[in-house]
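Please keep the sequence and the model in view while reading.

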Amino acid sequence: MKIKKLFLLEESPKERKELVDKTLIFGEHFLNNLSHLNAYNDPSKSNLNTDRKFAINEKSSGIDEILSLLEEELLSPGLNTASGANMGYIPGGGIFSSALGDYIAAISNKYAGVFYASPGAVNMENELIRWTADLVGYSKGYGGNLTSGGSIANLIALLTAKKAKNINIRNIERTVIYCSHQSHHSIQRAINIIGLEDCIIRYIDIDSELRMNTEKLEKQIVEDLKIDLNPFLIVANAGSTDAGMIDPLCDIGKIATQYSLWFHIDAAYGGFYLLTKRGQKRLKGISLADSIIMDPHKSLFLPYGSGVVLVKNINNLIKANQYSANYMQDANEDSNSYSPSQLSPELSKHFRGLRMWLPLKLYGHNTFEHYLDEKLNLARYFYSNVKKIGFEVGPKPDLSIVTFRFLPKNGSADDLNRFIIKEIQNNGKVFISSTTINGNFTLRAAIVSFRTHKIEVDSLLNILSEILNKKDITTPLR
Ligand SMILES: *Cc1c(COP(=O)(O)O)cnc(C)c1O
C-alpha cells in the first residue's frame, strides 16, 4: 500500500489520459462559454480565503472534486481576464496555443537558462529576441532576455543603464532621471530597487495630447548641466498605460544623443503594434533607444508571465548581470553565444520561450498584425461613437486606448464618472477601469484582447448609453 503511493507522481498512461481528458473538458467548457460569462464579478462578494477553500493537507482529492473547486472559486470571482469584454487596465487575453507551449515546456522541464543544458530552448529564446529586435530596428550587437513581465524587464533595463553610465555613490546625488507623470509606476519601483532613489527625478510636463513636452525636457537638461548636475536617463513611453499615447521618440532620441543620456523606452503595451503599418509610423524613432521593453502578455495576447527586455549593446547587459564574468568582455559579438542566465538576474527560469514561439510559428506573425490592426480600428470606432453619445474624449488614440469622461451641466464631473464606473462594474457584463489624468477622474477603454471585437465594443457603448439615460445627468449629484 505504502509502496504503491510512491508511484502516484508517475501516473500510468491510463491515469494520465483520464487527467488530460477531464482537464481538457473543463477547459473547453470554459472557452465555449466565455462569451456568455461576465467580464467582472465583484470579488468582495467572495470570501477572502476565510474558509480556506484551497487549503492543503495530507488528504488526496480526485480530479473531479478539484476541477469543480476551480470552477467555483477560481474561474468566476474577480476579473475575467480571458474575456473579450474585459477592456480594463491593459488586457492581453491568453491565446490557447500558448497553453500548449506551456504544457510541453512543463513536461519536458527544459532548462532554458543555460546553453549547454538546453541548446534548443536557448536557441529558441535567442530567435525570439532576434525577432523582437528586428521589429524595433536594432541591427547588430544587441542583447535581450525573456522576462516574466514588463516590471522585471524595466528593472533589468534600468540596472543596465545604471552600470553603463557608472552611477555610483560618488555621483548619485547629482544624477538626474527624466520621465513624466505618464510613466508607469514600475519605473519608480525599479529606481528604488536598484538603489537610485537618491537620484533627482524630474517629471517633465506633458502636452495636451499627454505626450512628453520635449522643449521642456531639453530646457531642463540644459539647466541641470549649468548647475553641474549629471543628466543620466530619459524614460519615454511608447504607449502609455493611461492613454496609450506615444512620446515624441525621434525628438527625445536626438536630445538623448546630444547630451549623452541613456534613452529607455517603455513599450510594454505599445511595442508589438510595430507589427502593423500604422504602428511602425507612430513608433518611428524607437530604434534610437538604448533599451526597450515590451510585453507579449499584452499586445501579443499571451497569458500573463511574458515580458521582453532589449538592450542595444549586449555588452552593457552582460556588465549589469555578470557574476564572475570579466572573461566574457572579449567574447564573440554574436548574441548566440550567451546564455539567458548571463543576461538577467534569473538562473533557473520558466521555459517561457515556447509559449511565445509556438503561436508565432503556428500562425505566422501576419496573423498578429491583422488582430492588432483590428484593435486600432476598434479604438477609432469607439472614440468617435463614445463622443456621439455625449462623452468628452481625451486625445485621439495613438494606439488602442481611449480616455473619456462625462461632463455634467451641474455638479461634480469626478463624482458622476465615479458613479458611471460603479454602475459598469456592478453590471459586470463588460469591464473598464479608470485613472486620474491632470487631476481629473477619467474613464478608459483599453481595446487590446484578441477576443475584443466590434460586438464587445458595441456592448460597452450600449451600457454607457443606458447609464446616461438612467441617470438624469442634468441634475447635480449628491
Ligand atoms: C503593464 C505595463 C508595465 C508593467 O508590466 P507588467 O508586465 O505588468 O509587469 C510597465 N509599463 C507599461 C507602460 C505598462 O503598460
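Strand β8 (residues 291-294) pairs with strand β9 (residues 307-311) over four bridges, in the antiparallel sense. Within this pairing, M294 has V308 in β9 as its bridge partner. Strands (E, at least two residues) and helices (H or I, at least four residues) are DSSP runs numbered from the N terminus, and two strands count as paired if DSSP finds at least two bridges between them. The model is a predicted one, in which local features need pLDDT of at least 70 and side-chain atom pairs count only at pLDDT 80 or more, whereas totals for chains, interfaces and linings use all residues. Residues are numbered from 1 along each chain as its sequence is written, and side-chain values use heavy atoms, with hydrogens and water left out.

Both strands belong to an open sheet of seven strands with mixed pairing, in the order β3-β9-β8-β7-β6-β4-β5. The edges are held by β3 (143-147) and β5 (200-204); each has a single partner strand, so one side of each lacks a neighbour in the sheet. From one strand to the next, the twist averages 15°.

Helix α6 (residues 150-164) lies across β3, β6 (230-237), β7 (262-266), β8 and β9, and runs at about 175° to β7. Such angles, from 0 to 180 degrees, are taken between N-to-C directions of axes fitted to C-alpha atoms, for helices over the stretch in contact (heavy atoms within 4.5 Å).

As for the cysteines, the whole structure contains zero disulfides, a disulfide being a pair of cysteine sulfur atoms within 2.5 Å. For C199, which is in no disulfide, the nearest cysteine sulfur is that of C179, 11 Å away. C199 counts as buried because its relative accessibility is 8%, while C250, at 27%, counts as partly exposed. Buried means under 20% relative accessible area, exposed over 50%, and partly exposed in between (1.4 Å probe, protein chains only).
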